[in-house]
Amino acid sequence: MSRILFSGANLLDGENPARPGQTIAVEGDQIVAVGADDSIANRPDDTVFQLDGASIMPGMVQAHWHGSYRGLDFDPPPVGLEKPPGYLMLLAATQAKLALDHGFTSVIGAATSDALDAQLKMAIADGVVPGPRIMASGRWLITTGDSNDLPEFVFWDIRAKGSQRYCDGVDEFIKGVRQEIREGAEIVKIFMDGGHALLHGPDFVSMTDAELRAAVEATHDRQKLIRCHVTAKKSIMKCIDAGVDVFDHADRMDRECIDGFLAAGSFVCPSLYLIKAIIAKLSENGNENDPMVLGLRADYDHMLEILPEASAAGVKLMVGDDWGTAMTPHGDYIKELEVYVNEAGIDPIEVIRWATRNAGECMQMDNRLGTIETGKLADLLVVRGDPSKNISVLGDPANFLAIVKDGQFVKEAL
Ligand SMILES: [Zn+2]
């Protein structure tokens, strides 16, 4: 089989600092060689692209993805019931393509209606529509009256509609987990508390310890992952003890939480840009001293302080946000990365590791995703400029000179 060679690359391999003058060889869907330009000899049937110093990095992973969200405002109908399922699938397919065009060759679902993630994953795999590799989520499992369950929803008589599946008690959580997995979920979503723009604030507790443990056990018994919306320290520690795999937000993490994440090997997806966008929106309306805004600002400022410590300690942080609200349209992905670099002061190379190596590991692909090394899957981005010096170059799709997924060009403008 002939190879594709990318030579003269500024290599950001997802692990190490930038290395100029590198060649990456791809054969089939795999990276088969990585090394200095003069260490990899061309073969007559190679297709060679001279990058002239352009950067090459792993395809990124959007680790908190709601494909069908669009324009959700402060007072939405129950999520997943805004439009009929076919319409929502068209939104999901469109926004999956948008993520791919922005360099995300994989996404990890964070809840969806009508098994859209799993069905879109099938359609992408069959070549029906283009899109990233998907780790599918299903409905979120929530308790009656939880932080997503607006008081007016009682009149909708929802049990399992749209993005909601109500579970109360151990048995209903076990059944709910199994049902979502049966419909294609590879990562189950639960809510342990409020906060991070949800009702009731972080001290509110949604699930009993027994429900939490049952949901985690039922998920792990079926060899799937479970992610949890969690903000308060008390709930973070409960989730660490119970074995939750992915922590969404974790706004009030402290050093003890960091140590817990490290010991458990947890993944953490702060999704911090949503908070910034909500604060900006409410402040614009003259509500900057509203208690909710003050609370969000305190959490936001705390995260800007603690995230560099968590990252330096080795917590497996990931990028991905609640794209699709009225304040955070799909496509604005770079704004989240810019928060971590420009406001939290984290080195761009570290944030690139979050988006590639860490989330690639979370994808459960036998460690074949997220870095550029011999034997890994060829998910690659050729980028004009050096994202390890200026993260913002990743925000303009025109800067992607090539996007490669599974060894195939999704885009080739070299
Ligand atoms: Zn979310």
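User: What is the handedness of the crossing of α8 and α9?

Analyst: A crossing is left-handed if the near helix is turned anticlockwise from the far one by less than a right angle, and right-handed if clockwise. The crossing of α8 and α9 is right-handed. Helices here are DSSP runs of H or I with at least four residues, strands are runs of E with at least two, and both are numbered from the N terminus. This is a predicted model, where local features need pLDDT of at least 70, side-chain atom pairs count only at pLDDT 80 or more, and totals for chains, interfaces and linings use all residues. Residues are numbered from 1 along each chain as its sequence is written, and side-chain values use heavy atoms, with hydrogens and water left out.

User: At what angle do α8 and α9 pack?

Analyst: Two packed helices are described by the angle between their axes and the distance between the axes. Axes are lines fitted to C-alpha atoms, for helices over the stretch in contact, and angles run from 0 to 180 degrees between N-to-C directions. For α8 and α9 the angle is about 65°, with the axes 10 Å apart. The two are therefore roughly perpendicular (under 35 degrees is roughly parallel, over 145 roughly antiparallel, 65 to 115 roughly perpendicular, the rest oblique).

User: How does α6 pack against α8?

Analyst: Helix α6 (residues 255-264) meets helix α8 (residues 291-313) at about 30°, with axes 10 Å apart. That makes α6 roughly parallel to α8. Contact means heavy atoms within 4.5 Å; R255, I258 and L262 of α6 meet I306, E309, A310 and A313 of α8.

User: Which residues coordinate the zinc ion?

Analyst: Donors are N, O and S atoms within 2.8 Å of the metal (3.2 Å for Na, K and Ca); water is not among the atoms, so sites may look incomplete. Here H64 (NE2), H66 (NE2) and D322 (OD) coordinate the zinc ion at 2.0 to 2.1 Å. H64 lies in strand β6 (residues 60-65) and D322 in the loop between β16 (316-317) and α9 (334-343), so the pair ties together parts 258 residues apart in sequence.

User: Is H64 buried or exposed?

Analyst: Buried means under 20% relative accessible area, exposed over 50%, and partly exposed in between (1.4 Å probe, protein chains only). H64 is buried, as is D322. I134, in strand β8 (residues 133-135), also counts as buried, at 2% relative accessibility.
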